[in-house]
Amino acid sequence: MWGLSTLYWPLVSAAGATEVIAHRMVWSLLTVLVLLALRAHWRWLAALLRRPDRLAMLAGAAAVISVNWGLFVYTVNSGQTSQAALGYFINPLVSVLVGVVFFAERLRRAQAAAVALGAVAVAVLSVAYGGVPWLSLGMAFSFATYGALKKLAGMDGVESLAAETLLLFLPAVGYIVFLQATGSGTFTGASPWHSVALVGSGVVTALPLLAFGAAARRIPLSMLGLLQFIVPVMQFLFAWLLFAEEMPPSRWVGFAIVWCALAVFVTDMLRHNARTSRARRDAEPEARPAAPRSGRRRTPAAEGTAPAGEPVGETD
């Protein structure tokens with residue numbers, strides 16, 4: 001869905017990127033509220049209002065993802081889809097840097113090599129594009145920052161998205177009303193199909209984010225990270241084969257370096273996860289044979305007694 005949404009935004013190209021973002025916020029909130037109503041799930045809201053620190057994190061996340069959306073829509077609708085693909089290709093490398101800078105994480109050698117290759121690729125593509133690919137870098141850094149803020153907020157995907165869009169709902173509605181009042185808005189001034197497409201932007205925005213949040217709780221993060229590369233691959237193919245964007249040899253060289261960086265990054269990630277899994281299995285105590293059953297009934301004292309070194313009542 002995320003990859004195919006690249007084809008959706010040209011449908012609303014009559015509106016500027018900022019107006020599209022405002023509509024995404026408004027209609028995304030309504031989509032999420034419908035889902036919450038179907039689940040009758042509202043208790044989290046009262047708990048959130050008692051946590052100003054978490055509200056601040058979500059407000060920051062909402063602002064950053066709005067920047068990301070705006071850059072993405074502008075990039076696609078201005079005929080620069082390859083820059084959008086580049087932004088999402090280098091996003092994992094930027095996320096590693098964010099982890100080092102803000103979470104004091106340490107780079108493994110292969111990760112450092114991947115980040116260095118990513119920097120070389122950006123330099124090569126800067127020459128290929130005739131300037132620094134600011135749109136790609138803006139999308140990569142904004143989404144990495146969004147992920148960091150979501151990590152700090154620590155909320156369920158549906159709840160978090162509802163809170164983010166709720167925080168931006170009034171500014172978004174105010175901006176739409178202002179555009180309509182000044183004659184600059186396109187919601188009612190273009191065509192009925194354009195209006196429907198703007199409303200549909202909420203569903204197109206919310207469903208992939210909700211699916212992402214659900215998947216994050218069900219499958220390993222390594223698999224989730226690999227699946228996310230589907231999006232920039234689709235975007236690159238759209239730019240090259242469907243939108244017929246210019247792809248001179250210098251751009252191919254730059255993207256080839258990006259793919260080498262990602263190959264190093266993914267290989268290291270899979271090896272590290274495999275080593276971690278083996279170490280965890282080796283650290284687990286061997287299963288002890290069950291004690292022979294006796295005719296005597298165990299006393300409460302016996303039931304509460306744990307072998308030496310094992311706390312009572314705790315589970316692995």
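This is a predicted model: local features need pLDDT of at least 70, side-chain atom pairs count only at pLDDT 80 or more; totals for chains, interfaces and linings use all residues.
Start with the segments. The UniProt record, an unreviewed entry, puts "transmembrane region" at residues 24–42, 54–74, 86–104, 111–128, 193–212, 224–243 and 249–270. Take two of those. Residues 54–74 are 100% helix and 0% strand, with end C-alpha atoms 30 Å apart. Residues 193–212 also come out as 100% helix and 0% strand, and here the end C-alpha atoms are 28 Å apart.

How many cavities of 30 Å³ or more does the structure hold? One. What lines the largest cavity? Met25, Ala62, Ile65, Ser66, Trp69, Leu161, Glu164, Thr165 and Leu168 do. Two elements give two or more residues each to that lining: α3, residues 52–77, and α7, residues 157–181. By class, the lining splits into six nonpolar residues, two polar and one charged.

On to an open space, the second largest pocket. Its volume is about 270 Å³. Fourteen residues line this pocket. Nearest its centre are Met1, Trp2, Pro208, Leu227 and Val231. Which helices supply at least two lining residues each? They are α8 (192–216), α9 (221–227) and α10 (230–242). The biggest contribution is from α8, with four residues.

Key. Residues are numbered from 1 along each chain as its sequence is written. Side-chain values use heavy atoms; hydrogens and water are left out. On a 1 Å grid over the protein atoms alone, a cavity is a set of points where a 1.4 Å probe fits but cannot get out, and a pocket is an open set with protein on both sides within 12 Å along at least five of seven lines; lining residues have an atom within 4 Å of a point. Grid points are joined across faces, edges and corners, and a volume is the space filled by probe spheres set on the points. Ala, Val, Leu, Ile, Met, Phe, Trp, Tyr, Cys and Pro count as nonpolar, Asp, Glu, Lys and Arg as charged, and the others, Gly among them, as polar. UniProt positions are given in the numbering used here, feature names are shortened, and annotations may be inferred rather than shown by experiment.
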